[in-house]
Amino acid sequence: MIPYGRQEISEEDIEAVVSVLRSNFLTQGSVVPSFERSVAGFCGANHAVAVNSATSALHLSCLALGVGKGDIVWTAANTFVASANCALYCGASVDFVDIDLCDLNMSIAALESKLEIARKANKLPKLVIPVHFSGFSCDMAELSRLSEKFGFRVLEDASHAIGGSYRDKLIGSCVYSDAAVFSFHPVKIITSGEGGMVLTNSKDLYGTINLLRSHGVTRSRCDDSSDCNPWEYWQEELGFNYRMTDIQAALGLSQLSRIHGFISRRRDLVARYDQLLAELPINKPSIAHLSNSAWHLYPITIDPKNTDISRSKLYEHMQNSGVGVNVHYKPVYLHPFFKRLGFSRGLCPNAEFYYENTLSLPIFSSMTYAQQDHIVDSIKAVF
Ligand SMILES: *Cc1c(COP(=O)(O)O)cnc(C)c1O
């Protein structure tokens, strides 16, 4: 079975992990800070905090941005559940913005009209979480304009998007946002096994997230305290254990050194898909503004007006041909948990239409042309 995504591990990656295993520190050593500095430098952001998953990174970012009970957080309907759960962990409520069917990201027009309505009802969100779906950036300048007009903060869920860019800046530079989050799960662009990171240019956000990552505990308080014993530590806030291990960071750091190759291979595969699938009655990703996708996913859609082949028929045929196609995503609010919160069908018609008709084709840097040809032949066999 060809999976829809998978990691690419080199001998250097294995060596890097083994060398941490042979060292004195498996966690809280020097490799996590080194990974953080490298990702911050790569993206052009001032600060980075590595944690054990993007989900934890989103949670801590929401807390540091002051999200709590009584607050409202909005995210895109077409995303993984973690983009919404992070707000619920903080006691806030969530709502969803429909997508634009061209770039499959949060629609700026839908966001603006929803904001107008929310302002009249006095229910404006404190935070909006755009998701760079498939690695392609949302229109961040427009989002930033709306954040000033309506007074909300911006947290980028860039789980798909390390290595992608918006205008001439890499995603994660946080030029148009308060913070951005990456995931290092094995299907994402680079991996640390499990892992995530928050990027920010704010020293305050950095300080809070850093504190909350490890129990809200600090050792560096001696300057203003009389109980200043060398063994002392102080719990300042209610924090968590969301730390990344040095074993994971070593893998992440080693992978980061090959990110340009990973991205260019993905772009190469995308160009090849575009060309090989050109004649078929399917819609391929289209790019609306001056950005470069990291190409975490290659989602196609079947236009029910052009063909009577259904998505489920194509899905089944591909699975039977050994091709691990997948669907990204069921609109978050259609999951049973969210329905119990009161959400129902019809909230975001574009995201629902998209979900009914989409299929993500396999894409990962170690995919061979022979595998890609097999995938394309399998699709052609259906049509
Ligand atoms: C993968 C993913 C996450 C969660 O990442 P983890 O590192 O697995 O916690 C969050 N948001 C989106 C959009 C994702 O694709």
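## Second largest cavity

The second largest cavity has a volume of about 80 Å³. A cavity here is a set of points, on a 1 Å grid over the protein atoms alone, where a 1.4 Å probe fits but cannot get out. Volume is the space filled by probe spheres set on the points, with grid points joined across faces, edges and corners. Lining residues have an atom within 4 Å of a point.

Twelve is the size of this lining: of its 12 residues, D103, S134, F136, P285 and S286 lie nearest the centre of the second largest cavity. By class, the lining splits into eight nonpolar, three polar and one charged. Nonpolar covers Ala, Val, Leu, Ile, Met, Phe, Trp, Tyr, Cys and Pro; charged covers Asp, Glu, Lys and Arg; the others, Gly among them, are polar.

## Basis of the model

This is a predicted model, in which local features need pLDDT of at least 70 and side-chain atom pairs count only at pLDDT 80 or more, while totals for chains, interfaces and linings use all residues. Residues are numbered from 1 along each chain as its sequence is written, and side-chain values use heavy atoms, with hydrogens and water left out.

## Largest cavity

Three cavities reach 30 Å³ or more. The largest cavity holds about 90 Å³ of space. Its lining includes M140, E156, Y166 and K169, along with the run L170, I171, G172, S173, C174, V175, Y176 and S177. Seven of the lining residues are nonpolar, three polar and two charged.

## Largest pocket

The largest pocket has a volume of about 550 Å³. A pocket is an open set of points with protein on both sides within 12 Å along at least five of seven lines. The largest pocket has 19 lining residues, and Q28, N210, R213, S214 and V217 are the closest to its centre.

Helix α2 (31-43), helix α7 (203-213) and strand β10 (217-218) each supply at least two lining residues. These elements are DSSP runs numbered from the N terminus: helices are H or I, at least four residues, and strands are E, at least two. The most comes from α7, with five residues. The lining counts eight nonpolar, seven polar and four charged residues.

## Second largest pocket

The second largest pocket has a volume of about 330 Å³. It is lined by 23 residues, with F80, S159, S183, H185 and K188 nearest its centre. Both α3 (54-64) and α4 (82-89) supply at least two lining residues. Of the elements, α3 gives the most, with three. The lining divides into nine nonpolar, 11 polar and three charged residues.
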